Amino acid sequence: MSVVKINVLTVPAEQREVLEQRFASRAGSVENSDGFEWFELLRPVEGTDQYLVYTRWRSEEDFTAWMEGPMKAAHQGGGEGAPKQRPAASGSTLWSFEVVQQAAPKKS
């Protein structure tokens with residue numbers, strides 16, 4: 001079964017809009033990756049300053065290939081001569097899970 005990666009990003013209130021805009025502008029950057037299955041950016045509602053970036057992959061190898069290729073390149077800046085952007089998050093932790101059970105709505 002699939003693997004799930006949840007990146008827990010600590011985001012100060014004044015950087016929330018910046019973070020969400022950056023994710024919106026990256027549309028398509030992960031969707032075409034081999035083994036990619038799902039993405040969600042989860043905004044905190046109350047009691048925390050942590051966003052969750054949820055991705056699901058066919059395998060650990062597919063996630064690693066994306067991390068070492070497209071993701072690494074995307075986080076190294078906008079290319080030669082482009083200004084380096086300051087991170088919107090002040091901290092990051094990666095959680096890893098294997099999917100052992102899942103359910104979807106039943107079709108009538």
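**View 1. Overall surface and fold of the predicted model.** The protein exposes about 7,800 Å², of which carbon and sulfur atoms supply 53%, with accessible areas taken from the Shrake-Rupley method with a 1.4 Å probe and, for residues, only the protein chains shown counting as cover. This is a predicted model, in which local features need pLDDT of at least 70 and side-chain atom pairs count only at pLDDT 80 or more, while totals for chains, interfaces and linings use all residues. Residues are numbered from 1 along each chain as its sequence is written, and side-chain values use heavy atoms, with hydrogens and water left out. The protein has two helices and four strands, which follow one another from the N terminus as β-α-β-β-α-β; helices (H or I, at least four residues) and strands (E, at least two) are DSSP runs, numbered from the N terminus. Of the 108 residues, 26% count as buried, where buried means under 20% relative accessible area, exposed over 50%, and partly exposed in between (1.4 Å probe, protein chains only).

**View 2. The surroundings of alanine 89.** Alanine 89 sits in the loop between helix H2 (60-74) and strand E4 (91-98) and, with a relative accessible area of 24%, is partly exposed. Its C-alpha atom is separated by 5.8 Å from that of leucine 9, although the two residues are 80 residues apart along the chain. Leaving aside neighbours within four places in sequence, alanine 89 is in contact (heavy atoms within 4.5 Å) with Leu9, Thr10 and Val11.

**View 3. The salt bridge between glutamate 60 and lysine 5.** A salt bridge, here a side-chain nitrogen of Lys or Arg within 4 Å of a carboxyl oxygen of Asp or Glu, forms between glutamate 60 and lysine 5, with the closest N and O atoms 3.0 Å apart. Because glutamate 60 lies in helix H2 and lysine 5 in strand E1 (residues 3-10), the pair ties together parts that are 55 residues apart in sequence. Glutamate 60 is partly exposed at 35% relative accessibility, whereas lysine 5 is buried at 4%.

**View 4. The salt bridge between glutamate 37 and arginine 56.** In this pair the closest N and O atoms of glutamate 37 and arginine 56 are 3.0 Å apart.

**View 5. The network around arginine 58.** Arginine 58 forms a salt bridge with aspartate 62, the closest N and O atoms being 2.7 Å apart. Salt bridges that share partners join Asp34, Arg58 and Asp62 into one network.
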